[in-house]
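Thanks for coming. I will walk through one structure, and you can follow along on the screen.

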Amino acid sequence: MTAEIIDGKAFAARVREQVATHVAKLKEENDLTPGLAVVLVGEDPASQVYVRSKGKQTVEVGMKSVEHKLDVDASEAELLDLIDQLNTDPTIHGILVQLPLPKHLDEDLVINSIDPAKDVDGFHISNVGLLGTGQKSMVPCTPLGCLMMLRDYHGDLSGMNAVVIGRSNIVGKPMANLLLGDSCTVTVAHSRTKDLPDVVRGADIVVAAVGRPEMVPGDWIKKGATVIDVGINRIPAPEKGEGKMKLVGDVDFTSAAKVAGAITPVPGGVGPMTIACLLANTLTACCRSAGLPEPSGLTA
Ligand code: NDP
C-alpha cells in the first residue's frame, strides 16, 4: 500500500484564497479591513523569517499588516504597554506575539494580557478554557490546520481512534481537545507513555508533535491509518553535499507511507497550514468583533 499524500501546501493555498475572497467582500460590503499586528522582541533569525512570511501573506490576502519590533532587552512594561495599545486599536483584529520571548519576559503574563478576542494564536488562558469546554474560542493555528486536513480527508471523524504524540500547550493538548470535539476517542501520549509503539498501532489517526526526527517508524502505524506529521526537524543531509541540512518530520515518511492510508509530508504538510490558519483566525476575529457572520469551514 502506498499512502495518499495530503498536500498541505495546496490546501493552505485554498484556505488563503477563501480568506482573500471573504476579505474582499468585507471591504466592499462593510468597509472593513481585518488587521493583524505581529510583535517581535529581539532578533532571533528563525522568528524574523516567520514574522516576514506572516506579514507578506497577510498583505497578499488583502488584510492590514502591522509589525512591531522591540529590542531584545525591552522591558516587560514596554511590551505590555504596546499590547494595551493594540488591544484598544479598532483597526487591529488579531495580535500575535512571536514566541519564544527573551528569558526576562514572563510569557504567560504577556500572552494573557492580549484581549482574548484578538488572540489569534489561541494561547490566552480564556481561549484555552473555552476550547477545553467545547465553547467557541480562538483555536491555536497548527492544530486547527491539522483538524481542517483531517476533516477534508475523512469528512466525519466521529468514533475514530486518535493518538496525539506530544502534550504541549501549543500543539498536543489543543489537538486532543479538537479531536475530542469531533467525537474521536483520543489518547495523548508523551515521553512517559509506556509501550508507545502499541499505543500508536491502535490508532486510525496519528498526530505526531514531538520534535524528534523520524521517531515514528512505519511498523508503529496501523494499515490504512491517517498520519499527520507536525514535527519540523533540521538534520544533516550529507547526500546533498557537505554541511547541507534538510527538514524532516517526527515520522519516518518512507516506511510510514508504505502502510498508512494517508500522510502529510514534511515539508509541505502541516507547516503551510499554520500561517493560513493564522489568517483565517484574523478574519474570524474581525467578523466576530463586527457582529458579522463568520466564514464557514475556517474554524473548529
Ligand atoms: P514540545 O517540545 O513543547 O513538546 C514535545 C512533546 O513531545 C512533549 O509533550 C514531550 O513529552 C513529547 N515527547 C518527547 N519525547 C518523546 C518520546 N520519546 N516519546 C513520546 N513523546 C515524547 O514541542 P511542540 O509541541 O512545541 O512541537 C512539536 C514539534 O512540532 C516540533 O518539531 C516543532 O518544531 C513542531 N511544530 C511545528 C509547527 C508547524 O507549524 N508545523 C508548529 C509548532 C510546532 P513530555 O511532555 O513528557 O516532555
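How many residues does helix H10 have, and how far does the helix reach from its first C-alpha to its last? H10, residues 270–289, has 20 residues and reaches 28 Å, close to the 28 Å expected at 1.5 Å a residue. Please keep in mind that this is a predicted model. Of the 20 residues in H10, 15 are buried, so the helix is mostly covered. Just after H10 comes Gly291, with a positive phi of about 70 degrees.

Pro267 lies in the loop between E11 and H10, and a cis peptide bond joins Val266 to Pro267, with omega about 0 degrees. Gly269 has its place in the loop between E11 and H10 as well. Is Gly269 buried or exposed? Its relative accessible area is 1%, and under 20% counts as buried, so Gly269 is buried. Between the C-alpha atoms of Gly269 and Gly132 there are 26 Å, and the two are 137 residues apart along the chain.

Next, the core. The largest nonpolar core has 54 residues, and Val15, Val19 and Leu179 have the most contacts inside it. Elements giving two or more residues to this core include helix H1 (8–30), strand E2 (35–41) and H10. Which element gives the largest share? That is H10, with 11 residues.

On to the sheet. Six strands form an open sheet in the order E1-E11-E8-E7-E5-E6, with parallel pairing. Strand E1 (4–5) and strand E6 (185–189) are at the edges with a single partner strand each, which means that one side of each has no neighbour in the sheet. E1 pairs with strand E11 (residues 262–263) over two bridges, in the parallel sense, and Glu4 is opposite Ala262 there.

Strand E7, residues 205–208, has partners in E5 and E8. Strand E5 (residues 161–165) runs parallel to E7 and is joined to it by four bridges; Ile165 has Ala208 as its bridge partner. With strand E8 (residues 226–229), E7 again pairs in the parallel sense over four bridges, and Val207 is opposite Ile228. Which way do the residues of E7 point? Ile205 and Val207 point one way, Val206 and Ala208 the other way, and all are buried.

A few backbone details in the loops. Most residues other than glycine have a negative phi, and most peptide bonds are trans. Ser183, in the loop between H7 and E6, has a positive phi near 65 degrees. Glu214, in the loop between E7 and E8, has a positive phi near 50 degrees. Ser183 is partly exposed at 42% relative accessibility, and Glu214 is partly exposed at 35%. A cis peptide bond also joins Leu99 and Pro100, with omega about 0 degrees, and Pro100 is in the loop between strand E4 (94–97) and helix H4 (107–111).

Last, a pocket. The second largest pocket holds about 260 Å³ of space. Its lining has 19 residues, and Leu131, Gly134, Gln135, Leu178 and Ala300 lie nearest its centre. Helix H5 (125–132), helix H6 (141–154) and helix H7 (172–181) each supply at least two lining residues, with the largest share, four residues, coming from H7. What classes of residue line this pocket? Six are nonpolar, eight polar and five charged.

Conventions: Residues numbered from 1 in each chain as written. Predicted model: local features only at pLDDT ≥ 70, side-chain atom pairs only at ≥ 80, totals over all residues. Heavy atoms only, no water. Expected span 1.5 Å × (residues − 1). Buried < 20%, exposed > 50% of the residue type's maximum accessible area, 1.4 Å probe, protein only. 1 Å grid on protein atoms, 1.4 Å probe; cavity = no way out; pocket = protein on both sides within 12 Å on 5 of 7 lines; lining within 4 Å. Points joined across faces, edges and corners; volume = space filled by probe spheres on them. Nonpolar A, V, L, I, M, F, W, Y, C, P; charged D, E, K, R; others polar. Pairing = 2+ DSSP bridges. Core = buried A, V, L, I, M, F, W, Y, C linked by side-chain atoms within 4.5 Å.
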